[in-house]
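Open the model in your viewer and keep the sequence beside it. The stops below are given in the order in which to select them.

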Amino acid sequence: MNKLRPSVLVIVLFSLFIVLGGCSQREKITALQQLSGKEFAVPTGTVADKLVLSKLPDARFQYYNTVMDGALAVKTGKADALAYDEPILKNIAAKVDGLVILKEMITVDQYGFAVRKDDAPLKQAIDRTLGQLKTDGTGTEMLRRWFPVSGSPAPMPEIASSGDNGILRLGTSSVTEPFSFVDGSGMVVGYDIELARRVAAGLSQKLEVVNMDFGALIPALMSGKVDMIAACITITEERSEKVLFSEPYYTGGIAAMVAQ
């Protein structure tokens with residue numbers, strides 16, 4: 001019996017990996033209805049699976065440590081779709097070729113900043129800033145900066161504040177790019193961070209960013225460790241019983257990402 005040369009053996013083993021390792025051919029998905037009974041990649045520790053089941057009760061799931069791991073599973077054919085927040089999937093699709101987001105949403109949600117129930121003045125200050133951004137066109141510039149059609153978000157602009165009125169503490173979770181993430185210099189940046197800096201500037205306060213796990217945001221706010229929180233936070237009735245939300249600043253929800 002002839003022995004395979006090492007180089008030939010490597011090729012054979014790689015071919016077997018491709019066939020058996022998950023890079024299988026899957027149906028081309030162009031509509032949400034096609035995902036009935038299919039396999040969704042979802043990030044561990046989120047409620048994305050429950051939200052998918054509310055729309056597609058026979059869906060099946062694979063769990064991944066990060067959203068990007070789930071996106072790569074879809075790209076390599078290990079899963080039919082990735083379910084997660086639409087703006088975060090949009091950010092991934094802009095940077096990874098071969099992935100698209102289906103037009104029909106699984107859920108439609110609105111995102112907002114949150115403050116303590118007894119801090120109506122800060123909510124009003126956030127709402128004023130949101131109104132000004134819509135009126136003067138800055139909000140459109142921010143969307144272009146943080147949600148490019150292709151490539152990575154642009155650098156964070158400089159937003160000066162005198163800081164005469166003290167410090168405004170923002171609680172965030174820097175795992176929600178492009179809303180809040182760590183850039184190449186190690187700074188926490190993003191759409192939410194820029195918006196928070198504009199709120200602080202309007203109040204002549206210096207913004208202090210406090211980075212933490214997403215699940216710790218509301219407890220930190222309620223205990224007074226921070227003054228407001230933002231990290232692609234969905235406005236829900238349950239959360240509204242504990243915190244006071246600003247006016248919505250982004251309409252998104254749970255979407256499905258598929259291979260192109």
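Start with strand β9, residues 180-182, which pairs with β10 in the antiparallel sense over two bridges. Strands pair if DSSP finds at least two bridges between them; strands (E, at least two residues) and helices (H or I, at least four) are DSSP runs numbered from the N terminus. Select V182 to find V188 of β10 opposite.

This is a predicted model, in which local features need pLDDT of at least 70 and side-chain atom pairs count only at pLDDT 80 or more, while totals for chains, interfaces and linings use all residues. Residues are numbered from 1 along each chain as its sequence is written, and side-chain values use heavy atoms, leaving out hydrogens and water.

Next, select helix α5 (residues 120-136) and helix α7 (residues 191-202), which pack at about 110 degrees with axes 9 Å apart. Axes are lines fitted to C-alpha atoms over the stretch in contact, and angles run from 0 to 180 degrees between N-to-C directions. α5 is therefore roughly perpendicular to α7 (65 to 115 degrees; under 35 is roughly parallel, over 145 roughly antiparallel, the rest oblique). Show the side chains of L122, I126, T129, L130 and L133 in α5, which meet L195, R198 and V199 in α7 (contact means heavy atoms within 4.5 Å).

Last, select β1 (residues 39-43) and β2 (residues 60-64), a parallel pair with five bridges. P43 has Y64 as its bridge partner in β2.
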